[in-house]
Amino acid sequence: MTRNAYIFMDFDGVTHPWGEVEDFRCLPHIEAVVREFPEARIVIASDWRMLFSLPKLVARFSEDIRPQIAGATPHLLPKTGAELHGLREREAMAWLRQHGADPAEAAWCAIDDAPGNWLSRSRLVLTDFKRGFTAEDAVALRRMLQGFRDGVRNQVGQVVHSLWARDSA
């Protein structure tokens, strides 16, 4: 069995276009990829985690995907404005440590529409906030998860930036 691969996932700008109806219309595209990778575990890294309980957030997902939801990242409070840069990644690394995983060795990636949240761009599937998660993003996520499955330790230098996926393929 392949080790777990963690997907740190934002909601607004990912599961639906930012600023539009919060209908999670893009979530089926993410779930389709996750179904191909039973070792994938979704960790909610959205501000929604501060507004709703984990059971309410998990209920947004299809019933067969719910067992693959591993939780939600902790909320770290920045002391300065400069600490906002990369904050989601620091929260994700804290979650990994809390769950016994070495962040340097763990198979993880993120799906987010805000690049400033993540310093490790090679692990980021960056969505267009106006469209949410698309078929191009699914290709990028599938490639990332397949790399983890195949034993690619850290995809440094291979930027998986879904907005430019058609140019890097």
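**Close-up views of a predicted model**

**Figure 1. Helix α3 and what surrounds it.** Helix α3 spans residues 87-98, and its 12 residues reach 16 Å from first C-alpha to last, close to the 16 Å expected at 1.5 Å a residue. That expected span is 1.5 Å times one less than the number of residues in the helix. Helices here are DSSP runs of H or I with at least four residues, strands are E runs of at least two, and both are numbered from the N terminus. Before looking further, please note that this is a predicted model, in which local features need pLDDT of at least 70, side-chain atom pairs count only at pLDDT 80 or more, and totals for chains, interfaces and linings use all residues. Residues are numbered from 1 along each chain as its sequence is written, and side-chain values use heavy atoms, with hydrogens and water left out.

How many of the 12 residues of α3 are buried? Nine are, which leaves the helix mostly covered; buried means under 20% relative accessible area, exposed over 50%, and partly exposed in between (1.4 Å probe, protein chains only). The buried residues include R88, E89 and E91 as well as M93, W95 and L96. Among the elements that cover them are β1, β2, β3 (69-72) and β4, where contact means heavy atoms within 4.5 Å. After the helix comes G100, with a positive phi near 75 degrees.

Figure 2. Y6, F8, W95, W108 and W118 form one aromatic cluster. W95 is also one of the buried residues of α3. The structure holds 11 aromatic pairs. F8 and W118 form a tilted one, with 6.4 Å centre to centre and 40 degrees between the planes. This pair links distant parts of the chain: F8 sits in strand β1 (residues 5-9) and W118 in the loop between β4 (107-112) and β5 (124-126), 110 residues apart. Both F8 and W118 are buried. For reference, rings of Phe, Tyr and Trp (its six-membered ring) pair if their centres lie within 6.5 Å; planes under 30 degrees apart count as stacked, over 60 as edge-to-face and the rest as tilted.

Figure 3. F11 and F24 form an edge-to-face aromatic pair, 5.1 Å centre to centre with 75 degrees between the planes. Both residues lie in the loop between β1 and α1 (27-36), 13 residues apart. F11 is buried, with a relative accessible area of 0%, and F24 also counts as buried, at 6% relative accessibility. Have a look at the backbone of F24 too: its phi is near 55 degrees, a positive value in a residue other than glycine. Most residues other than glycine have a negative phi.

**Figure 4. A nonpolar patch on the surface.** M50, L51 and F52 form this patch, with about 310 Å² of accessible area together. Accessible areas come from the Shrake-Rupley method with a 1.4 Å probe, and for residues only the protein chains shown count as cover. Patches are made of residues with over 30% relative accessible area and no salt bridge, joining like charges within 9 Å and nonpolar side chains (Val, Leu, Ile, Met, Phe, Trp, Tyr) within 5 Å. A salt bridge is a side-chain nitrogen of Lys or Arg within 4 Å of a carboxyl oxygen of Asp or Glu. M50 is found in the loop between β2 (40-44) and α2 (54-58), and is partly exposed at a relative accessible area of 40%.
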